[in-house]
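Work through the exercises below with the model in view. Try each task before reading its solution.

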Amino acid sequence: MAGSNGKDAAAWNEGLERRTNLHLRDLFENAYRVAYPLLDSGQALSNAGSAHFLRVVLHDSFPDLHPQDIAILSVSIERVFRERSKTASQ
């Protein structure tokens, strides 16, 4: 049995959106702007309770989002903040 390679997979998925939660992609930059002051303060990534506080801030700003969506956004925002901080410091 032959395995699939990346080229076959790309051809198979061509034209199809592979991501889910497109509504979160639309909200991401606004949510990042809301979370940025908290993250930039230096305290947000330093202790375990800060992840909870970030979720509270996001929930207050986007009260119609499901708690799972808030969790997805908060993890994504923290990851992007770390990446952007690395790039800025280089």
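This is a predicted model: local features need pLDDT of at least 70, side-chain atom pairs count only at pLDDT 80 or more; totals for chains, interfaces and linings use all residues.

Residues are numbered from 1 along each chain as its sequence is written, and side-chain values use heavy atoms, with hydrogens and water left out.

**Exercise 1. Describe the overall make-up of the protein.**

Step one: list the elements. The protein has 4 helices and 0 strands, where helices (H or I, at least four residues) and strands (E, at least two) are DSSP runs, numbered from the N terminus. Their order from the N terminus is α-α-α-α.

Step two: look at burial. Of the 90 residues, 26% are buried. Buried means under 20% relative accessible area, exposed over 50%, and partly exposed in between (1.4 Å probe, protein chains only).

Step three: look at contacts (heavy atoms within 4.5 Å). Among those with a separation of 6 or more, 62% join residues 24 or more positions apart.

**Exercise 2. Follow helix H4 and find what covers it.**

Step one: take its span. H4 covers residues 67-89, 23 residues in total, and reaches 33 Å from first C-alpha to last. That is close to the expected 33 Å, which is 1.5 Å times one less than the number of residues.

Step two: pick out its buried residues. They are Asp-69, Ile-70, Leu-73, Ser-74, Ser-76, Ile-77, Glu-78, Val-80 and Phe-81.

Step three: find the cover. It includes helix H2 (22-40) and helix H3 (49-61).

**Exercise 3. Is Arg-82 buried or partly exposed, and what about Leu-39?**

Arg-82 sits in helix H4, while Leu-39 belongs to helix H2.

Step two: compare accessibility with the cut-offs. Arg-82 counts as partly exposed because its relative accessibility is 41%. Leu-39 is buried, because its relative accessible area is 3%.

Step three: check the distances. From Leu-39 to Leu-54, 15 residues apart along the chain, the C-alpha separation is 8.4 Å.

**Exercise 4. Which residues line the largest pocket?**

Step one: name the lining. It consists of Thr-20, Asn-21, Leu-24, Arg-25, Phe-28, Ile-72, Leu-73 and Ser-76.

H2 and H4 each supply at least two of the lining residues.

How values were computed:
On a 1 Å grid over the protein atoms alone, a cavity is a set of points where a 1.4 Å probe fits but cannot get out, and a pocket is an open set with protein on both sides within 12 Å along at least five of seven lines; lining residues have an atom within 4 Å of a point.
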